[in-house]
Amino acid sequence: MGDQNSSPQEKRATKVYNKVLNYFMGIALYSMVAFVFINGVMRYVFNTGWPASEELSRFLFVWISMLGAIVAYREGKHVGVDLLINALRPKAKRIVMLIGEAVAITILGIVLYGGLKYYAVIYKTPAPATGIPMGILAIALIVCMVSMLGYTVSGFIKLLKQAEEPKEVL
Amino acid sequence: MELLVFLIALFALLPLGIPIAFILMICCAILMLFMGNFNSYIIAQQLVAGTNSFALMAIPFFMLAGELMGRGGLSIRIVSFANILAGKVHGGLGYAAIISSIIFAGLSGSPIADASALGAILIPMMVAQGYDRGTSTALICAGAMIAPIIPPSVPMIVLGSAVGVSIGRMFMAGIVPGLIIGLGLMIVWTIIVKKNKYQDLVTYTREEKKVIIKESIPALFMPILIIGGIRFGIFTPTEAGAFACVYALLISVFIYKEIKLGDMLDIAVQTCKGTAIVMLIVGAATAVGWLITVAKIPDQFAALLGPIAHNQLLLLIVINVFFFFIGMVMDLTPNLLIFGPVIFPVIIAAGIDPVYFGVLMIYNLCLGLLTPPVGTLLYLGSSIGEVSFGTLIKSILPFFAAEIAILFLFTFFPDLIRVPMTWFI
């Protein structure tokens, strides 16, 4: 997403948010490795497992997947078929992109709503091995959907504004 | 009917250019509306359930191990080691590139990681040796095809957990086919060397050789650790991934000393991004998969294939042709996740070995990474090799032809995969 139109505060907030995401993902990923590694060693050497490790690492995995998805989305790295829209002329391309963003906003909204309902159902349910409330998984999804929705809406608004400018020139 | 609705929605929305994971979620919503059981709760729940998987955790682990190895100075040592093996023949560097691809395939599970790590080192070396730039890049791209076949393999983890086929078994089944692909590429390279009269030789002194071999031993030991550990039941593929990370970290930090603490965060962020791109599709495909089961789409698909469903060879040919074309227009992960659960029941009903078929399916769909219009490896290759897309396509043709020939071999002679598989399982 281009940052030309955003205010300095907005830019700073984005920067801080990214930094938090990066550190969280880094720590989570290495912790996952450590949990699984330690569990493996314990089972093999001491013949005792560490049941919590499997669950903890899985929950962290959900979190890094959801947070990583936000970062990848901001950088436009998610896999899509952009062959057709790249072949279109600028005016048609803009229209197709607007439709695409509108569709994206709709589905992200639906999933966000579903995520909230999901949270409402499982927020108190304790996980079998660690007792961590399962709601923590729904929160990862909600954070992911809200962030993606934010980026998409701001992208959509920018695209709308851009679309108006050439008309004024004409 | 549900199959038709799903496919129409999928192909109508794809050209919008939005992430394919979103499109899968929409297809899911549309399919639910069509079946009259729309519920946003289920999409959200399935998205989380799809990512909440111990087996799939092997994906970030092997990605991380590959990234640590690549940046920790391991790739260059593999290349030097391969040069010792192949340097004494004409066109030796080309053979070394293929050997490097095979060794690197035993460390990384993704063709993209393989091509970017080896391409950055080998393409400039090959061009300096006087090889054609297009051919050098093509060789790296074609060699990257070995990465998803030789274990570890990210596509095998994705497919195995989506269709319920043992990931460990698929890993073992991929070893020999991966070597066969390498052999096929070497044959093509021999012809190219003869045609272009490449005369290059790479020679090392005894002392240099000693140092290189000594330094590359820790790197070469890693595939043995992974394959051996899974084969002898010491650990699951996911645990093997965690062990590989610890191992890669130890040798990159303490033996090669090329990774600093600051790099570790960056490497982790790259890994998480790469993981998330796969996992968002996995999550969305899990939701689709749930509906596919509820709508009994595999039954509809089997009915569609009706008369050929019990002729193994004919079935394999039809499915291969379909995969080849779908691989051209869509990316690997969504293809595995959408078509895997639909096709596997038919395959198993026809009496085809699912482990064999898994390897075949992944190989076929990976070939789509080398074909326009959506050839991810071609785009990557043309950017790291600094050649035009058109030149690269032309240069890759002989290698691609060999890989297609190997696909036919695997299809017509399943024993090429099935028999060696029994040596490892």
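Here are some notes on this predicted two-chain model, starting with the interface of chain A and chain B.

1. How to read the values. This is a predicted model, so local features need pLDDT of at least 70 and side-chain atom pairs count only at pLDDT 80 or more, while totals for chains, interfaces and linings use all residues. Residues are numbered from 1 along each chain as its sequence is written, chains are lettered from A in the order in which they are written, and side-chain values use heavy atoms, with hydrogens and water left out.

2. The interface. Counting contact as heavy atoms within 4.5 Å, 59 residues of chain A touch 56 residues of chain B. The two chains bury about 5,000 Å² between them, 81% of it on carbon and sulfur atoms; buried area here is the accessible area (1.4 Å probe) that two parts lose on being put together, summed over both.

3. Charged pairs across it. The rule finds 2 salt bridges between the chains, a salt bridge being a side-chain nitrogen of Lys or Arg within 4 Å of a carboxyl oxygen of Asp or Glu. One of them pairs Glu75(A) with Lys273(B), whose closest N and O atoms are 2.7 Å apart.

4. The chain A side. Helices H1, H2, H3, H4 and H5 of chain A each supply at least two residues of the side that touches chain B; helices are DSSP runs (H or I, at least four residues), numbered from the N terminus. H4(A) gives the largest share, 16 residues.

5. Helix H5 of chain B. Do have a look at residues 74-86: the end C-alpha atoms of this helix are 19 Å apart, which agrees with the 18 Å that its 13 residues should span at 1.5 Å a residue (1.5 Å times one less than the number of residues). H5(B) is mostly covered, with 11 of its 13 residues buried, where buried means under 20% relative accessible area, exposed over 50% and partly exposed in between (1.4 Å probe, protein chains only). Among those buried are Arg77(B), Phe81(B) and Asn83(B), and the buried residues pack against H4, H6, H7, H11 and H12 of chain B.

6. Backbone spots to check. Pro151(B) and Pro152(B) are joined by a cis peptide bond, with omega about -5 degrees. Lys296(B), not a glycine, has a positive phi of about 55 degrees and is exposed, at 52% relative accessible area. Glu386(B) also has a positive phi, near 55 degrees, and counts as exposed at 61%.

7. Ser395(B). This residue of helix H19 of chain B is buried at 12%; beyond its neighbours within four places in sequence, Ser395(B) contacts Asp132(B), Gly134(B), Thr135(B) and Ala138(B).
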